[in-house]
Amino acid sequence: MRVFIPCDAAALAVGADKVALAIAKEALARGVDLKIIRTGSRGMFWLEPLVEVETPEGRVGYGPVSIGDVPGLFDAGFLEGRTHKLSVGLVEKIPFFARQNRLTFARCGVIDPLDLDAFRAHGGYVGLARALSLGAAQTVAEVKASGLRGRGGAGFPTGIKWETVRTAAADQKYILCNADEGDSGTFADRMLMEGDPFTLIEGMTIAAVAVGATRGYIYVRSEYPHAIRTMNAAIGIARREGLLGPSLMGSTQHFDLEVRVGAGAYVCGEETALLESLEGKRGQVRAKPPIPALVGLFGKPTVVNNLISFATIPFILEKGAAAYADYGMGRSRGTMPVQLAGNIKHGGLFEVAFGITLGELVNEIGGGSASGRPVRAVQAGGPLGAYFPPHLFDTPYDYEAFAARDGLIGHGGLVVFDDSVDMAKMARFAMAFCAHESCGKCTPCRIGSMRGAEVIDKIIAESEVEKNIALVKDLCETMKFGSLCALGGFTPYPVLSALEHFPEDFAPAGMPVAAE
Amino acid sequence: MTHVWDSDKAEDIIAAHEGLEGPMLPILHGMQEAFGYIPEAVVRLIAARLNLSRAEVYGVVSFYHDFRREPAGRHVLKLCRAEACQSVGSEANAATLLRRLGLGWGGTTPDGRLTVEAVYCLGLCACGPSALLDGEPHGRLDAAALEALAAEAV
């Protein structure tokens, strides 16, 4: 009898450990023989803690379970998959789950994250074996053909970046995973590290084979202690099994990797600040060029990719580039693990082919707001992303379509707000957050964000509103074009989108909003 | 959690990490774990051992929000203030708690029991408002649940 309970931090945050303990105790008291397997999360967070029971028909779920529900679940016969008020039926038939295209997250929530046999039984390390037999150039060609673009937000073609590093001549090259997932509304990196860490290790190892690198680092933010623990444990297992170290899978290829922990600086998610931080310095942005692919970590050619980009590589090598490129629209190939967050009824991770509309994601999949009030705004792409009003919900989820509407998909986060939101406050927060996190290297970001928050304060205080709105817009132009990196450069997105789509929140009560 | 300054221990922490590429952050994390904050003596020690100026080490310590210059309370409650938690009412709940405790962000109760800090995203954005209490995650913290959590830390 096998019962599956997540050990994902979000599940733990709502009591998964207590539920697991209560189930184990209840089973003992009743003399029932059962095995509890801790998994990652399926990503349906409104159902967490979600308890799954293995039945001949498949895994049947119950959620959200609290410790008080446990005796009742036993009484109802949940171990045979019988009905209970918390039944959600076969987990993989839940519409939220069934509608997804789980490629990158195929194993997340299914297996014990540290069970290497289970990982292999679900296709793990087939991709690396293929990369080793293809060789470097062919592996890069495969990644290029898949159309995969950087999932951190910039959307740069991964294969082209790899080709640059592959053809660079150097005595040392590095593979660097950016797991400094600081955007509010995103948790895909965390879920994958906690739920399927070997996928990341395999993806980074394939990258190492493809470009001829021997050392790798995963830079994880300190706010993710559980992910750090799981990742370190998985690396230890991979080393023992010859999947990291001097002879990868018995070949002559050498690669090893290490977790490094950030220290609470959002800007270190910017790749050049991340390089500085890993080198032991203040996380200040570097001017580009030179690009990190040529002059990266310790001045050596470095593949810096987002975690999700690396974690998608094993699928591409296992199933082939075409299998991945078959999904998607336009120049956005494959899938995106969209993260539905904030004030949303069905929040969680929804991996889907590009092309689905924002409205489908928020209203159909996400079920609208959690509060039951009308959805008023959705911030797409984290604190540097634009606020979309419902009249733009027809925007397809696609890098170019979002850019065409002055937005960005970023790392795939969507934060939903109901009609109680004050968009002037959110615009002010965007500036204040930028001021708080600015690395200080360039003036538009360091000073501009500070002045921006002050000017929005004046608008909120109804002081010379029109003049100050014009000033904020002007300041945003300066930040957009004058900043060194995306922190100062993209902070105008939430500010300008709030001003454009929600002007009524910036006008004194009763005053008509001037047309542009 | 009592953290007593111990220069031998500090030397050991440096020795355990100085062979790494870019050992600075691992050393600082080790120090904060051992002593609860980054004592001034640590800055001098690291500078000497890594052949850096004290200004360079101080520059790193002061850049990162994680590194404390003085000890925190016995318990540390990190409340998320980022957008996803704001959308479900985190700011009002936090303001109520801070007012009741008589604290500002980053403040410690006079009895040294609890430090309340701001954090910008814990990756628990679909079950907010969220927090970390001594490193353990907590979600769906409405006003009552937050008060109960803060009371738990004794």
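Strand β12 (residues 335–342) of chain A runs parallel to strand β16 (residues 413–418) of chain A, the two being joined over 4 bridges. Strands here are DSSP E runs of at least two residues and helices are H or I runs of at least four, numbered from the N terminus; two strands count as paired if DSSP finds at least two bridges between them. Within this pair, Leu340(A) has Leu414(A) of β16(A) as its bridge partner. Both strands sit in an open sheet of 5 strands with mixed pairing, in the order β13-β12-β16-β14-β15 (chain A). At the edges stand β13 (348–353) and β15 (387–388) of chain A, each with a single partner strand, so one side of each has no neighbour in the sheet.

A word on the model itself: it is predicted, so local features need pLDDT of at least 70 and side-chain atom pairs count only at pLDDT 80 or more, while totals for chains, interfaces and linings use all residues. Residues are numbered from 1 along each chain as its sequence is written, and chains are lettered from A and ligands numbered from 1 in the order in which they are written.

Chain A is split into domain 1 (2–97), domain 2 (116–325), domain 3 (328–418) and domain 4 (423–505), with bounds that come from an automatic or database domain assignment. The centres of domain 1 and domain 2 of chain A, taken over C-alpha atoms, are 33 Å apart. Where these two domains of chain A meet, 8 residues of domain 1 are in contact with 7 residues of domain 2; contact here means that the C-beta atoms, placed from the backbone, lie within 7 Å. The domain 1 side of that meeting divides into 3 nonpolar, 4 polar and 1 charged.

Next comes strand β6 (residues 174–179) of chain A. With 6 of its 6 residues buried, β6(A) is largely enclosed by the rest of the structure. Buried means that 20 or more other C-beta atoms lie within 10 Å of a residue's own (12 or fewer makes it exposed, anything in between partly exposed), with C-beta atoms placed from the backbone. Tyr174(A), Leu176(A) and Asn178(A) point one way from β6(A), and Ile175(A), Cys177(A) and Ala179(A) point the other way. In a regular strand, side chains alternate between the two faces of the sheet. β6(A) pairs in the parallel sense with strand β7 (residues 215–220) of chain A over 6 bridges, and Ala179(A) has Val220(A) as its bridge partner there. β6(A) also pairs in the parallel sense with strand β9 (residues 302–306) of chain A, over 5 bridges; in β9(A), Asn305(A) is the bridge partner of Cys177(A).

Helix α17 (residues 423–437) of chain A is another enclosed element: 11 of its 15 residues are buried, so the rest of the structure largely surrounds it. Among the buried residues of α17(A) are Met423(A), Arg428(A), Phe429(A), Phe433(A) and Glu437(A). The buried residues of α17(A) pack against β14 (375–380), β15, α18 (443–460), α20 (486–490) and α21 (492–501) of chain A.

Chain B has 7 helices and 4 strands, running α-α-α-α-β-α-α-β-β-β-α from the N terminus on. Its C-alpha trace spans about 50 × 30 × 25 Å along the principal axes, and 41% of the 154 residues of chain B count as buried. Chain B is divided into domain 1 (7–63) and domain 2 (75–152), and 30 Å separate the centres of these two domains, taken over C-alpha atoms.

Finally, the two chains meet: 33 residues of chain B are in contact with 47 residues of chain A. On the chain B side, the elements giving two or more residues are α2 (24–35), α4 (54–63), α5 (83–86) and β4 (136–138) of chain B. That side of chain B divides into 19 nonpolar, 10 polar and 4 charged residues.

Technical notes. Nonpolar A, V, L, I, M, F, W, Y, C, P; charged D, E, K, R; others polar.
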